[in-house]
Amino acid sequence: MAIAIRAKQGLTRRHLLVRSASSVALAGLGGLATPYLGRAADRPRIASGLASGDVSTDSAVVWARADRPARMRVECSTVESFQTIIRAASSDALPESDFTSKVLLDGLPPGQDIFYRLRFEDFALSGISGETQVGHFRTAPAGKGSISFVWSGDTAGQGWGIDASRGGMRNLRQPCSKTALIFSFIPAIRSTLIVRSHSELKLPNGEIWRNIVTEEKSVVAHSLAQFRGNYKYNLLDDNLRAFNAQVPMLAQWVRS
């Protein structure tokens, strides 16, 4: 079975130091081999779900974030069973990008459902991979045709955040179920990244809206870490992660 594989990103001296540090940390444990079944904590996790975007007639970008330095592996197919792999790619998730990694999948057929599966592999421990998650997008048609968009803005803004007891961001469930969607979800970056969420808000009927509040989301973002933390806050929601895995994104920066 022929598989088209894009070239891996080149390693820099910093990247090698990251990998070496992982190896040294393992050696500090006395060189004892950890039983294979007991290595769950050693397996890199997909920390914030997966997503696709910038979809064209023959390409798309896929990205995800790991919980540590790791290598992201992506395979895609036109069938959900992945019986035939049409493209594969890999890229490193490193500290300077907050362990986020992205790859370009190109040479794809137009107007076609594309299924992709993604996992992270540990740098230091050979053969140790984390869980595999599956996503989906549809390439744009080669000719004229109808394309559906869903527009969204002010995500988790004006002090409102994720109330898990109310089902989180429930407005994303319906768009996620419509598989005909091809491009969707254009967020308002200003409200998504800057506005803080309060721990509690009183509703007109007297009920209390209780937000999930993280350290970064509890203040107005000023530093890079706070901006990243505000963006990651939305990805704590199960509905948004499921939406991102099924519907590609076109992000538009807005000026306030």
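Leaving aside neighbours within four places in sequence, which residues is Ser 48 in contact with? The answer comes below, after a look at the model itself.

## Model and confidence

This is a predicted model, in which local features need pLDDT of at least 70, side-chain atom pairs count only at pLDDT 80 or more, and totals for chains, interfaces and linings use all residues. Residues are numbered from 1 along each chain as its sequence is written, and side-chain values use heavy atoms, with hydrogens and water left out.

The average pLDDT (the predictor's confidence in each residue, from 0 to 100) is 76 for the protein, and 69% of the residues score at least 70. Over residues 16–37 the pLDDT stays under 50, and the model gives this stretch 16 contacts (heavy atoms within 4.5 Å) beyond four places in sequence. Residues 177–194 also have a pLDDT below 50, with 80 contacts beyond near neighbours in sequence. Where pLDDT is low, the predicted coordinates should not be read in detail.

## The sheet

Strand β2 (residues 59–66) is joined to β5 by seven bridges; Val 61 has Leu 104 of β5 as its bridge partner.

## Around Ser 48

Ser 48 belongs to strand β1. With 12% relative accessibility, Ser 48 counts as buried (under 20% relative accessible area, with exposed over 50% and partly exposed in between, using a 1.4 Å probe and protein chains only).

Back to the opening question: Ser 48 is in contact with Arg 65, Lys 232, Leu 235 and Arg 241, leaving aside its neighbours within four places in sequence.

Notes: Pairing = 2+ DSSP bridges. Helix = DSSP H or I, 4+ residues; strand = E, 2+ residues; numbered from the N terminus.
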